Amino acid sequence: MSAATRRLTTAQALVRFLSAQYTERDGVRRRLIAGTWGIFGHGNVAGIGQALVECADVMPYHQGRNEQAMVHAAVGYARQLDRLSAQAVTTSIGPGATNLVTGAALATVNRLPVLLLPGDYFASRVADPLLQQLEHPVSADVSVNDTLRPVSRYFDRVTRPEALIPSALNAVRVLTDPAETGAVTLALPQDVQAEAYDWPEEFFAERVWHVRRPAPDPVELAAAVQAVRAARRPLVVAGGGVHHSEAEEALRAFVDATGIPVASTQAGKGSLRHDHPADLGGIGHTGTAVCDELARTADLVIGVGTRYTDFTTASGTLFQNPDVRFLNLNVTGFDAHKLAARTLVCDARTGLERLTEALAGHRVDEAYVSAYRAGKERWERVVETAYRADDDTAVPTQTQVLGALDAVVGDEDVVINAAGSLPGDLHKLWRSRSPRQYHLEYGYSCMGYEIPAALGVQQAAPGTPVWALVGDGTYLMNPTEIVTAVQENLPVNLVLVQNHGYASIGGLSEEVGAERFGTAYRHRAADGTFTGAPLPVDLAANAASLGMDVLRARTVRELRNALAEARASDRPTCVYVETDPAPTAPPAEAWWDVPVAEVAAREPAVRARERYDSQVAGRRRHL
């Protein structure tokens with residue numbers, strides 16, 4: 001090995017190191033850390049900030065407005081690129097660092113890579129307590145950054161320059177691991193960031209991290225083949241792992257060969273194109289009637305890259321066949337073993353290819369195929385009804401907003417959403433035309449994700465029409481990255497749906513006996529009650545004040561025209577529409593467990609508890 005060294009600060013060394021890291025899968029090489037988002041303050045301005053100035057030739061910088069939003073943007077970027085490229089986020093110490101926690105949790109829950117570089121206290125302790133430093137009475141080495149430990153897949157506090165070498169290598173190892181990836185945090189004491197060290201030149205050499213595709217174990221594969229051959233009513237549940245592995249074509253080949261139908265989680269929707277005869281749409285609490293009917297009678301559920309959240313399983317009440325068994329194909333053993341399943345621990349694409357080969361000649365009964373195809377046709381008529389607007393001059397409903405957007409988008413468009421009533425409507429109704437079109441963050445369902453994530457997707461796929469679908473509640477949580485979109489010339493499209501309240505949680509509140517308390521935007525009268533008049537809040541004017549072009553749509557016809565104009569624009573554009581608040585989406589086809597007060601004085605809660613007790617009796621533990 002060479003004895004050559006380079007004298008740099010720790011921050012300069014880290015930025016140079018990150019700029020030389022690459023991923024490779026299937027012969028395609030990508031830059032691992034393609035850029036750094038940052039908001040500067042004491043704790044990172046003189047370290048990472050100075051390093052980014054000095055290393056501007058190798059590390060692009062993006063200016064954010066909110067620390068949580070920067071993480072969301074980076075997550076959107078990584079998801080669009082199948083986790084093969086990511087971004088870093090740097091913040092000051094104190095509130096800048098703690099604002100990362102929600103974004104980090106979202107990244108880790110969804111298994112998406114992001115590198116977090118928060119500033120920290122002085123490692124030398126010469127100036128304690130610093131501005132914004134937490135003084136723990138019994139643990140002097142604790143800082144606010146320790147809040148990032150439980151939401152990070154890897155965490156280290158780099159208290160010496162030379163400690164950066166193993167820490168940085170471990171950070172990249174986790175970021176590029178298909179089973180372990182998520183948020184990675186390197187907490188950087190500000191004095192260490194600025195400290196110089198003689199770094200070995202090898203530290204800055206280009207490194208290519210192969211993203212592996214582990215093959216299934218032969219014994220597990222043989223058991224899986226036996227299970228599929230024995231099943232009479234099998235059903236695939238496609239999760240986000242199908243997309244992360246780029247396994248869509250392998251899934252289609254498996255389905256075409258076997259005739260087994262596919263239901264999709266929020267993360268897995270689009271694994272098959274919507275018009276494929278075996279694509280039955282969403283599953284679970286927000287699923288389609290045909291999917292949930294099949295799930296109740298399935299004797300084998302084949303989970304591919306899914307975590308089986310409570311929305312997917314209807315809180316343990318969906319899979320009701322007494323003889324149902326599970327076969328889980330997943331890159332992580334942790335997820336593969338859920339629901340006492342037979343396991344196929346492997347890469348999704350590799351596993352599906354091997355399973356298809358081993359099942360050569362096997363196909364489900366044609367009567368089963370005819371039955372689920374008929375169910376698909378029935379559901380398509382439900383979608384058409386929800387989308388249809390018989391009066392173009394009327395105020396649109398929320399599902400008609402989706403119908404108007406459906407008529408405008410092309411195969412390449414990306415539609416982003418995360419929270420509120422829209423995820424349920426989209427899961428039931430949206431017709432996914434391509435693998436990356438349906439971008440729902442529903443692992444954490446984080447209000448405020450949509451706008452910054454749209455920026456990340458736009459950076460990852462320049463020239464792609466990107467739509468952030470946002471309700472008024474979500475918009476008020478986190479609109480600040482509109483300014484960043486304007487600054488970076490990112491022509492994202494925002495569809496801002498105004499229904500004057502929290503529509504989703506309002507409906508849930510009514511269902512559980514909480515009487516929609518605190519879920520509407522209304523004036524408070526002198527006696528403490530809320531009047532029926534909505535607040536005079538103009539969110540369209542707010543979006544315009546932040547630099548967006550704004551198109552106001554008052555009718556269905558105006559909405560269609562505005563969406564087409566926004567798609568053709570090369571500027572960040574907001575389509576603002578006030579909707580008829582009456583629910584028009586098909587009702588839930590399966591239950592979701594939200595515990596209801598066991599005793600209550602008010603009648604709505606008493607009735608809600610009676611409904612709850614009848615539903616919870618159907619829960620099963622699959623053993």
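I looked up Thr288 and found it in the loop between strand E14 (279-282) and helix H11 (289-297). The model I am reading is a predicted one.

I checked burial next. Thr288 has 1% relative accessibility, so I count it as buried. I then listed its contacts, leaving aside neighbours within four places in sequence. Thr288 touches Leu280, Gly281 and Gly282, and also Trp379, Lys428 and Glu589.

I turned to charged pairs. How many salt bridges does the whole structure hold? My search gave 41.

I opened Asp82 and Arg436. Their side chains form a salt bridge at 2.7 Å, N to O. The two sit 354 residues apart. Asp82 is in the loop between helix H3 (67-80) and strand E6 (86-91). Arg436 is in the loop between helix H17 (422-429) and strand E19 (438-440). I noted both Asp82 and Arg436 as buried.

I went on to Asp335 and Lys338. Their closest N and O atoms are 2.8 Å apart, in a salt bridge. Asp335 is buried at 2% relative accessibility, whereas Lys338 is partly exposed at 22%.

I then looked at Glu412 and Arg567. This salt bridge has its closest N and O atoms 3.0 Å apart. Glu412 lies in the loop between helix H16 (398-408) and strand E18 (414-417), and Arg567 in helix H23 (residues 556-568), so the pair ties together parts 155 residues apart in sequence. Both are partly exposed: Glu412 at 45% relative accessibility, Arg567 at 28% relative accessible area.

Last, I traced shared partners. Salt bridges join Asp26, Arg213, Asp347, Arg349 and Glu353 into one network.

Technical notes: Residues are numbered from 1 along each chain as its sequence is written. This is a predicted model: local features need pLDDT of at least 70, side-chain atom pairs count only at pLDDT 80 or more; totals for chains, interfaces and linings use all residues. Side-chain values use heavy atoms; hydrogens and water are left out. Helices (H or I, at least four residues) and strands (E, at least two) are DSSP runs, numbered from the N terminus. Buried means under 20% relative accessible area, exposed over 50%, partly exposed in between (1.4 Å probe, protein chains only). Contact means heavy atoms within 4.5 Å. A salt bridge is a side-chain nitrogen of Lys or Arg within 4 Å of a carboxyl oxygen of Asp or Glu.
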